[in-house]
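Hi,

Here is the structure I promised to pass along.

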Amino acid sequence: MGRAEDRAMRTADASCDSHLSGLYNTVLKRMLDLMLAGGMLAVVAPVLPFIALAIRRDSPGPVFFRQTRIGRDGHVFRIWKFRTMVHERGEELRFFATEDGEYRHKFRNDPRVTRVGAFLRRTSLDELPQLLNVLTGDMSVVGPRPEIPHIVQNYQPWQHRRHLVRPGMTGWWQVNGRSDRPMHEHTELDVHYVDHLSWRLDLRILWRTFRFVVRHTGAF
């Protein structure tokens with residue numbers, strides 16, 4: 001095969017891959033979200049009442065934690081999670097400085113986390129209610145993490161690129177350190193995901209998320 005033919009084949013392959021990525025981003029990703037979220041919800045549905053009962057018996061307060069987040073194109077929505085902390089008004093937006101001067105909204109051995117909450121976080125079961133957010137179209141299975149409004153209002157222009165796509169239950173920053181990474185690095189990783197969004201990257205993230213959940217890596 002000559003060089004001209006080889007270049008032509010590479011150009012055709014790149015064009016095909018680009019077309020597939022565009023189709024995935026506009027149509028197939030949403031179809032995959034509905035199939036994954038619907039299937040997962042059907043599988044875990046029998047377990048959800050037992051998680052809710054354990055939360056209620058472990059500490060007073062609601063079963064679910066709801067919080068306002070910013071989604072695609074700046075859309076405001078309410079995210080759902082199982083409650084993992086003691087129920088104290090105003091505590092949900094507090095951030096804590098670590099020894100290196102970085103601010104985090106959670107840290108290891110956080111005294112606000114309940115016994116059941118610690119287990120739910122370690123196993124990522126606290127995230128299951130977000131399947132409802134995926135089904136309603138507020139979130140995707142894979143995407144940038146949805147941020148809270150008072151942080152977004154201080155974003156620099158480049159950081160808003162993360163709002164070009166639906167936020168996700170898991171994403172690029174979760175599989176590159178999860179809770180171990182300081183807050184200021186999350187946005188950079190989320191923008192990286194947006195700039196390289198493809199079905200291959202989503203499959204890679206899903207596989208690494210599965211391994212992290214099984215190994216209980218980086219979540220607290």
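A cut-off to start with: a residue counts as buried under 20% relative accessible area, as exposed over 50%, and as partly exposed in between. Asp195, with a relative accessible area of 41%, is therefore partly exposed. Please keep in mind that this is a predicted model.

Asp195 forms a salt bridge with Arg161, with their closest N and O atoms 2.5 Å apart. Arg161 sits in the loop between helix H5 and strand S6 and Asp195 in helix H6, so this pair ties together parts 34 residues apart in sequence. Arg161 is partly exposed too, at 35%.

The count comes to six salt bridges. Among them is a network that links Lys81, Asp126 and Glu127. Lys81 meets Asp126 at 3.5 Å, N to O. Because Lys81 lies in strand S2 and Asp126 in the loop between helix H3 and helix H4, that contact joins parts 45 residues apart in sequence. Lys81 also meets Glu127, at 3.7 Å. Here, Lys81 is buried at 14% relative accessibility, and Asp126 is buried at 4%. Glu127 is buried as well.

Now to the pockets. The second largest pocket has a volume of about 200 Å³. Five of its lining residues come from H1, the largest share. By class, the lining has three nonpolar, three polar and five charged residues, including Arg72, Ser140 and Leu197.

Finally, Leu23, Val27, Leu28, Met31 and Met35 make a nonpolar surface patch of about 430 Å². Met31 belongs to helix H1 (residues 3-44) and is partly exposed at 44% relative accessibility.

Best wishes

Methods:
Residues numbered from 1 in each chain as written. Predicted model: local features only at pLDDT ≥ 70, side-chain atom pairs only at ≥ 80, totals over all residues. Heavy atoms only, no water. Patch = residues over 30% accessible without salt bridge, like charges linked within 9 Å, V, L, I, M, F, W, Y side chains within 5 Å. Areas by Shrake-Rupley, 256 points an atom, 1.4 Å probe, with all protein chains shown as cover. Salt bridge = Lys/Arg side-chain N within 4 Å of Asp/Glu carboxyl O. Helix = DSSP H or I, 4+ residues; strand = E, 2+ residues; numbered from the N terminus. Buried < 20%, exposed > 50% of the residue type's maximum accessible area, 1.4 Å probe, protein only. 1 Å grid on protein atoms, 1.4 Å probe; cavity = no way out; pocket = protein on both sides within 12 Å on 5 of 7 lines; lining within 4 Å. Points joined across faces, edges and corners; volume = space filled by probe spheres on them. Nonpolar A, V, L, I, M, F, W, Y, C, P; charged D, E, K, R; others polar.
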